[in-house]
Amino acid sequence: MIATVAAHSRSATPRQEFEHLLLGDLRELLNDYPSRDRDRWLLATLDMLLVFRPRASQVYLPALPRDPHFLIEAPSAKDLPVRFELLQRLRDRIAHRAPYETLAQELIVDLRFYFDGAQSKFAPILPLG
């Protein structure tokens, strides 16, 4: 099942919509039966979420000429709707094949709160096919 956000959702940025979809995928993966395939998908999903991790107030793209137009604002820790540290710890445990069930349960609770509150921000998620 693939989740999608309705095209008329104007209150969120494309990054927020992408993050919302990834969090929905993460929630589904955490509820799937444990397996190596699931762990690989969890790693890929967590890696994509952690790309938006909080950093310094500005990030410079070094391959581009030094121009103020090429300075981009990095997202802050409060922009990520679930705890960044929890995502990072879960990712590290999965990558090292360490037990992660307790962290997964904490994340499931965080995701439940996020998706309960996200109904006003995003259109309902519709399954495709």
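What is the volume of the largest pocket? The answer comes out at about 180 Å³. Everything here rests on a predicted model, in which local features need pLDDT of at least 70 and side-chain atom pairs count only at pLDDT 80 or more, while totals for chains, interfaces and linings use all residues. Residues are numbered from 1 along each chain as its sequence is written, and side-chain values use heavy atoms, with hydrogens and water left out.

Start with the overall layout. The chain has four helices and four strands, taken as DSSP runs numbered from the N terminus (helices H or I, at least four residues; strands E, at least two). Reading from the N terminus, the order is β-α-α-β-β-α-α-β. Of the 129 residues in the chain, 33% are buried; here buried means under 20% relative accessible area, exposed over 50%, and partly exposed in between (1.4 Å probe, protein chains only). Taking contacts (heavy atoms within 4.5 Å) between residues at least 6 apart in sequence, 59% join residues at least 24 apart.

Buried in α2 are Arg-38, Leu-42, Thr-45, Leu-46, Leu-49 and Leu-50. They sit on the same side of α2, because they cover an arc of only 130 degrees around the axis, judged by the directions from the helix axis to the C-beta atoms. That buried set packs against α1 (14–31) and α3 (84–95), whereas the face turned away from it carries the exposed residues Arg-36, Arg-40 and Trp-41.

Back to the pocket. On a 1 Å grid over the protein atoms alone, a pocket is an open set of points where a 1.4 Å probe fits, with protein on both sides within 12 Å along at least five of seven lines, and lining residues have an atom within 4 Å of a point. Grid points are joined across faces, edges and corners, and the volume is the space filled by probe spheres set on them. The lining of the largest pocket consists of Arg-36, Asp-39, Arg-40, Leu-43, Arg-93, Ile-94, Ala-95, Arg-97, Ala-98 and Tyr-100. Two or more of these come from each of α2 and α3, with α2 giving the most, at four residues. By type, the lining has five nonpolar, no polar and five charged residues (Ala, Val, Leu, Ile, Met, Phe, Trp, Tyr, Cys and Pro count as nonpolar, Asp, Glu, Lys and Arg as charged, and the others, Gly among them, as polar).

Two lining residues deserve a look. Arg-97 lies in the loop between α3 and α4 (101–117) and is exposed, with a relative accessible area of 65%. Its phi is near 55 degrees, a positive value in a residue other than glycine. Tyr-100 is in the loop between α3 and α4 as well, but counts as buried at 8% relative accessibility. Leaving aside residues up to four places away in sequence, Tyr-100 touches Arg-38, Asp-39, Leu-42, Leu-90, Arg-93 and Ile-94.
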